[in-house]
Amino acid sequence: MDGATLENEYAYIKDGKVFLKGYLDMPDRQIGEVKRTEEEAFQYFINRYQIAVNKVNQLETEIAEAQNKGSFLTKLTQLRKRLLNFDGIGDFIPLLNKLDEQEDYLRGLIVGNQANNLTIKQALIAEAKEAKEDVDWGIVAEKLQDIKTRWIRTGPVDKPYQDDIETEFREVLDEFYQRRKAFYEEQNRIIAERMEKYNELVKGAEQLFRMGNWELSFAELKRLQNEWKNVGDVPPKRLKFEFRRFKKLTTTYYEKYCAAKGIQIKTRVDPRVEAQQKMMEEAERLAEAKDIFASTERAKVLLNDWKNIKVPSHLAVRNVAERFRAACDKIFELSYLMKVITRKLPNYNYLSERQQVLTKYREMETIVTRARGELKQLIESYDGVARNPDMDKIMTSNIQTQRRKLLMKEVILEELRRAAQNVQ
């Protein structure tokens with residue numbers, strides 16, 4: 001190189017500047033200047049070349065070890081651009097050749113993956129088309145959301161197919177959501193019409209009530225009641241106010257009519273409410289029975305039967321439910337008490353009545369003390385954990401249950417204390 005003061009096959013120094021010799025189609029270019037000596041400057045850029053070598057080797061290793069190899073194509077392209085402008089002295093052609101080989105490898109993988117992705121997405125479209133025809137909107141929405149999640153997780157397809165397949169999938173989903181929207185709009189329209197009819201019937205009942213002629217308008221009242229039954233279903237929460245108003249008006253009207261005609265009203269009890277009333281009374285008898293183990297087995301049956309009786313909220317008698325639960329709690333607590341006693345004292349049945357009562361009282365004291373400690377620990381453990389809505393519900397429910405059981409234990413303990421005082 002004319003005028004060069006220091007040179008090798010890849011670079012030279014001229015006029016105090018370091019030049020990298022051109023390769024491929026690139027001309028010579030300046031990569032630095034001599035700061036102190038030409039030898040130091042030359043060696044500095046020779047050492048920098050090793051950085052480029054390490055970058056290429058590192059990328060090769062990462063590609064070999066990665067599962068999603070296609071994601072490295074962009075990184076490879078960026079590294080090639082950096083190499084073409086890298087300030088270092090060395091042979092860059094082998095490094096670029098390595099990148100070319102890796103790019104060919106990656107592009108081959110991508111083509112294969114894109115073909116596989118196309119097959120997967122076509123299958124997802126077919127699955128979505130089949131699912132969307134169902135009219136159980138909630139279940140279909142869940143299925144389509146699952147399909148959409150799998151669609152998103154599936155990689156891209158080849159560009160010529162990308163727009164068409166995305167459009168087709170979006171149209172399948174849009175068709176379902178439009179059908180669902182139309183369905184609910186129609187449902188809302190029907191409900192609005194029915195609510196309007198219910199309101200008219202309430203107003204009609206109010207007018208009859210204001211007339212005060214109970215006997216003459218009785219037939220009209222029966223007509224209003226029959227119409228009410230045939231209006232059609234609406235969400236209970238929407239109808240709550242109108243139902244209560246209509247029920248109160250018709251009940252009061254009927255009472256007035258019966259009074260005017262001298263008819264004695266016989267209160268009609270819903271058979272489900274009556275069944276729960278009877279179950280509650282039986283449970284309270286079982287709680288006082290001598291054979292507490294037999295009572296326990298029967299209480300389990302009653303609890304299961306109670307769950308199967310679906311009483312509407314506006315008919316449910318809260319006091320009956322509370323008394324039933326308290327009676328069952330008492331049965332199970334007494335059963336546990338007797339299990340503990342008979343295990344500790346096999347001769348319990350041979351003790352005098354006073355000894356039996358005192359034994360139950362002392363053992364119940366121990367059970368209550370232990371239950372209080374367990375409840376305290378439960379509350380403290382709840383205060384010490386990180387809060388989240390789901391955990392709050394679970395812990396609050398557990399604490400309420402433990403408190404309810406402790407209260408029943410304390411009730412039994414007080415009953416035993418009184419019995420101990422009275423027994424001779």
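Reader: Which residue forms a salt bridge with E282, and how far apart are the closest N and O atoms?

Author: Happy to start there! A salt bridge here is a side-chain nitrogen of Lys or Arg within 4 Å of a carboxyl oxygen of Asp or Glu. E282 makes one with R298, and their closest N and O atoms are 2.7 Å apart. This pair links distant parts of the chain, 16 residues apart: E282 is in helix α8 (residues 271-287) and R298 in helix α9 (residues 292-308). Helices are DSSP runs of H or I with at least four residues, strands are runs of E with at least two, and both are numbered from the N terminus.

Reader: What should I know about the model before I read on?

Author: This is a predicted model, where local features need pLDDT of at least 70 and side-chain atom pairs count only at pLDDT 80 or more, while totals for chains, interfaces and linings use all residues. Residues are numbered from 1 along each chain as its sequence is written, and side-chain values use heavy atoms, with hydrogens and water left out.

Reader: How many salt bridges are there by this rule?

Author: The count comes to 29. Among them is the one between D146 and R150, with the closest N and O atoms 3.0 Å apart. Because these two residues sit four apart in helix α4 (residues 137-153), about one helical turn separates D146 from R150.

Reader: Is R150 buried, partly exposed or exposed?

Author: Buried means under 20% relative accessible area, exposed means over 50%, and partly exposed lies in between (1.4 Å probe, protein chains only). R150, at 29%, is partly exposed, and so is D146 at 40%.

Reader: Which parts of the chain does the pair E410 and R372 link?

Author: E410 and R372 form a salt bridge whose closest N and O atoms are 3.2 Å apart. The pair joins distant parts of the chain, E410 in helix α12 (residues 389-422) and R372 in helix α11 (residues 353-383), 38 residues apart. E410 is partly exposed at 27%, as is R372 at 44%.

Reader: Which residues are linked with R80 in a network of salt bridges?

Author: D100, E103 and R107 are linked with R80 in that network.

Reader: And the strands: how many bridges join β2 to β3?

Author: Two strands pair if DSSP finds at least two bridges between them. Four bridges join β2 (residues 11-14) to β3 (residues 17-20), and the two run antiparallel. Y12 stands opposite F19 in β3. The two strands form a hairpin with two residues between them, and D15 in the turn has a positive phi of about 55°. Strand β3 is also joined by four bridges to antiparallel β4 (residues 29-33), where E33 is the bridge partner of K17.
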